[in-house]
Amino acid sequence: MGANSSAVEPSAALGQEATLASALQTFRLDRHGSYTAQVEAALGEAIVRGRLSPGTSLSEAGISAALGISRTPVREALALLADEQLVVVYPQVRTLVAPVRRSLIDEGRFVRSTLECANHAELMTMITQPQIETLAALIAAQRNAAAAGDVEAFFNLDEAMHRSMFEFAGRAHVWTMLQGVKRHFDRVRWLLLERVAYHARRAQQEHEAIMDRLLARDAAGLTQAVSHHINAITGHLQELHDCAPSTYFVD
């Protein structure tokens, strides 16, 4: 019996297939790229963005059918996701989307806070007027997305702003390196955006505070604003506990 082939009631199996189909509906296979990498990225994004919630059963056969590929790259992708602690594999039984671990949230918070404070302090000494205008436009777009309640747009604009600040300092590769570390942190960001009504507006206001300190060339104030913005996520965990199933979180 395979790792994901334990007996499942027909109705439950249909429900799992529907969940997978919905979560992966935007997937488009590039037949010239690594299938394993593409499946890992698609499943990882679906987990981080909450389309596959903690405790969801992940069947190799179901994922293969949903994506139209063989089971081998799916098995390999699930193994990679297990290494990242985004899924939990019970050999010969089943594979589940992992709960959100507070220890991993804190790890992501620490890494982001440390690197962003250092990067932005250096960016402050070299930022150009066109770069300032780019960041201002992103924050204005965030304001509109927050007002419209557009979670997807706000998250993407948020990511674009933080990525741009690394790129403008000549550290695009550092932002790329951060992606794996911050995935668990991003799971909480998505839960906050979807379940805590004022979170997007609060985050957007914190971005404005960061820009104000950047433009004022206030190194100490900039570090404080960045640190507050990154660390504020963990202060809202209790709110998430109050509005998300208790099984979503461990430790």
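In this predicted model, a residue is called buried when its relative accessible area is under 20%, exposed when that area is over 50%, and partly exposed in between.

**Figure 1. A salt bridge joins the side chains of E45 and R51.** The nitrogen-to-oxygen distance in this pair is 3.1 Å. E45 has a relative accessible area of 35%, and because this value falls between the two limits, E45 is partly exposed. R51, at 31% relative accessibility, is likewise classed as partly exposed. The pair belongs to a structure in which the count of salt bridges comes to 18.

**Figure 2. E152 and R49 form a salt bridge between distant parts of the chain.** The side chains meet at 2.6 Å, taken from N to O. E152 lies in helix 7, whereas R49 belongs to the loop between helix 2 (35-48) and helix 3 (60-67). The two residues are 103 residues apart.

**Figure 3. The side chains of E122 and R171 meet in a salt bridge.** The distance from N to O is 3.1 Å. E122 is part of helix 5 (residues 102-123) and R171 is in the loop between helix 7 and helix 8, so the pair ties together parts that are 49 residues apart in sequence. E122 is partly exposed at 34% relative accessibility. R171 is also partly exposed, and its relative accessible area is 28%.

**Figure 4. A network of salt bridges links D158, E159, K182, D186 and R189.** One of these residues, E159, also takes part in the contact that helix 7 makes with helix 8. That contact is the subject of the next view.

**Figure 5. Helix 7 packs against helix 8 (residues 172-181).** The axes of the two helices are 7 Å apart and cross at an angle of about 135°. Helix 7 and helix 8 are therefore oblique to each other. Which residues make the contact? Helix 7 contributes E159, H162, R163, F166 and E167, and helix 8 contributes A172, V174, W175, L178 and Q179. By type, the residues of this contact comprise five nonpolar, two polar and three charged.

**Figure 6. Two aromatic pairs are found in a search of the whole structure.** In one of them, F155 and W190 have their ring centres 4.8 Å apart, with 35° between the planes, and the pair is tilted. F155 is in helix 7 (residues 151-168) and W190 is in helix 9, so the pair ties together parts that are 35 residues apart in sequence. F155 is buried, with a relative accessible area of 4%, and W190 is buried at 3% relative accessibility. F166 and W175 form a pair whose ring centres are 5.7 Å apart; the planes of these rings stand at 35°, so the pair is tilted. F166 has a relative accessibility of 1% and counts as buried. W175 is buried too, with a relative accessible area of 6%. Both F166 and W175 are among the residues of the contact between helix 7 and helix 8.

**Figure 7. H184 is a buried residue of helix 9.** Helix 9 spans residues 183-195. The relative accessible area of H184 is 5%, which places this residue in the buried class. What does H184 touch, if residues up to four places away in sequence are not counted? Its contacts are E84, Q85, L86, L104 and I105.

**Figure 8. Q85 and R217 have positive phi values although neither is a glycine.** Phi of Q85 is about 65°. Q85 is located in the loop between helix 4 (71-83) and strand 1 (87-90), and this residue is partly exposed, at 36% relative accessibility. For R217, phi is near 55°. R217 is placed in the loop between helix 10 (199-215) and helix 11 (219-235). With a relative accessibility of 42%, R217 counts as partly exposed.

Conventions: Residues are numbered from 1 along each chain as its sequence is written. This is a predicted model: local features need pLDDT of at least 70, side-chain atom pairs count only at pLDDT 80 or more; totals for chains, interfaces and linings use all residues. Side-chain values use heavy atoms; hydrogens and water are left out. Helices (H or I, at least four residues) and strands (E, at least two) are DSSP runs, numbered from the N terminus. Buried means under 20% relative accessible area, exposed over 50%, partly exposed in between (1.4 Å probe, protein chains only). Contact means heavy atoms within 4.5 Å. Rings of Phe, Tyr and Trp (its six-membered ring) pair if their centres lie within 6.5 Å; planes under 30 degrees apart count as stacked, over 60 as edge-to-face and the rest as tilted. Axes are lines fitted to C-alpha atoms, for helices over the stretch in contact, and angles run from 0 to 180 degrees between N-to-C directions. Angles under 35 degrees count as roughly parallel, over 145 as roughly antiparallel, 65 to 115 as roughly perpendicular and the rest as oblique. Ala, Val, Leu, Ile, Met, Phe, Trp, Tyr, Cys and Pro count as nonpolar, Asp, Glu, Lys and Arg as charged, and the others, Gly among them, as polar. A salt bridge is a side-chain nitrogen of Lys or Arg within 4 Å of a carboxyl oxygen of Asp or Glu.
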